Amino acid sequence: MRQMRLDVVTIFPDYLAPLDLSLIGKARREGILDLRVHDLRDFTHDRHRTVDDTPFGGGAGMVMKPQPWAQALDHVVADGATPAAPVPRLIVPGPGGVPFTQALAHELAAEPWLAFACGRYEGIDERVYEHAAQRMPVTVVSLGDYVLNGGEVAVLAIVEAVGRLLPGVVGNAESLVEESHEDGLLEYPVYTKPAVWDDDGTAREVPPILLSGNHSAIAAWRHQQRLDRTAARRPDLLARAATVRGLDDLEGRAACAADAPELLTLQRACWVPEGRANEAWDIPPLVETLDEVLAGLTAYRTWVWRIDGRLVASGRGRRAVDDPTTWEVARLVVAPDLQGRGLGRAVMEFIEAQAPADIRRFWINTGHRSDRNIRMYKKAGYRLAAGTPRFEGTVELTKPRRSGRGREKG
Ligand code: JD8
C-alpha cells in the first residue's frame with residue numbers, strides 16, 4: 001500500500017481538524033496518509049511568538065516574517081527526508097496561483113510527499129518563496145477566483161481532493177472514474193429509495209429508466225444527462241470537451257519516422273508521473289533515445305493522432321515474441337492537457353482492433369504503482385496476469401479476445 005506524507009504549516013492548526021474526520025481521517029488511521037500539522041509560532045523565538053510585521057513600502061495590513069517560515073520549512077524537510085523522497089513538493093495556496101483542478105489533483109496524488117504553507121494577513125514575505133525554491137519544488141495554487149483570508153481552507157480542499165485519489169481511501173475505486181471533472185463533464189443525477197417519494201403530498205418519482213435494469217440504456221441516459229447538465233451549467237467545460245470527444249475528433253494515421261521526435265517528447269511527458277509514482281526513473285519511455293524510438297516504430301505497428309498539427313496521442317501493438325497469438329498493446333500516450341476524457345481508453349481499443357484475426361488475447365503492462373492505469377485497464381476487462389512480470393516493478397494484465405472482434409486479414 002502506497003503511503004503519502006503531508007506536512008501543513010499554519011498559525012491556526014485547529015483549522016485542519018476536519019482532516020481527522022471521514023475518509024481522510026480513516027486513511028490517516030490506516031496509515032495511507034501520514035498528515036502532520038505544524039504551528040508556525042513554534043518557530044519563533046520572541047516572547048510574543050511574532051509571525052508578522054508591517055509591510056515595507058507602506059500599505060494596509062501586515063506581512064508574514066521570513067525567519068519563522070524558513071525555520072519551519074527547514075524543520076519539515078529535515079524531519080521528513082528519506083532516500084526515496086529527500087524533499088517534499090511545496091504547495092503554497094494563494095489567489096494568484098495556478099488554478100487547482102482535477103488534473104492537478106491527479107498530478108499531486110502521484111507525489112510521495114507534499115508540504116503546504118498556509119499564509120495569512122496580506123501574505124508571506126516574497127523571499128520565503130525564493131528560500132524554499134532553492135530547496136524543493138514550489139507551486140503556488142489558487143482554489144478559485146475569489147479572496148479568502150488565508151490558505152487553510154484551500155489546504156482542506158486540496159488534501160481531500162488529492163487524498164481520495166490514493167488507493168484504499170475511497171472504498172469503491174470504480175466510482176472515481178465517472179466523476180465530474182474526471183472527464184470534462186459534470187456528474188449525472190442520482191436517486192435512491194423510495195421509487196415514489198410522497199413529498200408532503202407531492203409524488204416525486206425516480207426516472208423509470210433507472211428501474212429498467214437495462215444497463216446500457218441507463219449508461220446512455222446518464223451520459224446524456226451529463227452532457228445536458230454540462231451544457232446548461234458549465235458550457236465552458238462542454239466547449240473544451242466538445243472539441244475533443246474522441247479519436248474521431250483527431251487526425252489519426254500510422255506513424256512514420258518523422259513522428260519520432262514528437263513521440264519521444266510526448267512519451268517522456270506522459271511517463272514523468274509514472275516515474276514519480278513508481279519511483280523509477282530508468283524506465284524506457286523516460287530514457288529512450290531518438291534512435292530507440294525510431295527502432296520502436298519498426299518493432300511495433302504504431303499509430304499517432306494529431307489536432308491542429310500537434311501530436312497528442314499514440315499507441316502501438318505487435319505479436320508477442322513468445323506467443324504469436326497474443327497481441328501486445330503498448331506505449332499508450334495522451335497529451336497531459338487532453339487526459340481525463342477517455343482518449344487513452346479509445347487508443348487502447350483502437351490498437352486492440354488492429355490485431356490480426358488469429359490473435360486470441362491481449363497483453364498490456366504498466367508500473368506496479370500506476371494505479372490509475374491499472375484501474376482503467378481493469379475497467380476495460382483486463383485482469384492481472386499470474387506469474388513473474390518480464391520487467392521488475394511492473395504488473396502485466398491480459399484479456400481474452402472476444403470472438404468476432406478485430407481485423408479479418410491475418
Ligand atoms: C492564501 C493570505 C489573504 C490574499 C490580501 C486577503 C487560495 N482562492 C484563494 N483566494 N484567496 C486565497 C488565499 C488568500 C490568502 C492566503 C490564499 C494568504 N491571504 C490575502 C491577498 C489579498 N489578503 C486563495 N488558495
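What follows is a tour of the cavities and the residues around them.

This is a predicted model, in which local features need pLDDT of at least 70, side-chain atom pairs count only at pLDDT 80 or more, and totals for chains, interfaces and linings use all residues. Residues are numbered from 1 along each chain as its sequence is written, and side-chain values use heavy atoms, with hydrogens and water left out.

A cavity here is a set of points, on a 1 Å grid over the protein atoms alone, where a 1.4 Å probe fits but cannot get out; its lining residues have an atom within 4 Å of a point. Points are joined across faces, edges and corners, and the volume is the space filled by probe spheres set on them. Counted this way, there are two cavities of 30 Å³ or more.

Start with the largest cavity, at about 100 Å³. Helix H10 (290-299) is among the elements giving two or more residues to its lining, together with helix H8 (260-278), strand E12 (310-320) and strand E13 (323-334). H10 has the largest share, three residues. Among the lining residues you will find Leu263, Glu288, Arg316 and Arg331, and the lining as a whole divides into four nonpolar, four polar and three charged residues.

Now turn to the second largest cavity, with a volume of about 50 Å³. Helix H2 (66-80), strand E5 (89-99) and helix H4 (126-133) each supply at least two lining residues, and H4 gives the most, with three. Trp69, Leu90 and Tyr129 are among the residues lining this space. Its lining has ten nonpolar residues, no polar and no charged.

Helices (H or I, at least four residues) and strands (E, at least two) are DSSP runs, numbered from the N terminus. Ala, Val, Leu, Ile, Met, Phe, Trp, Tyr, Cys and Pro count as nonpolar, Asp, Glu, Lys and Arg as charged, and the others, Gly among them, as polar.

Definitions and conventions: 1 Å grid on protein atoms, 1.4 Å probe; cavity = no way out; pocket = protein on both sides within 12 Å on 5 of 7 lines; lining within 4 Å.
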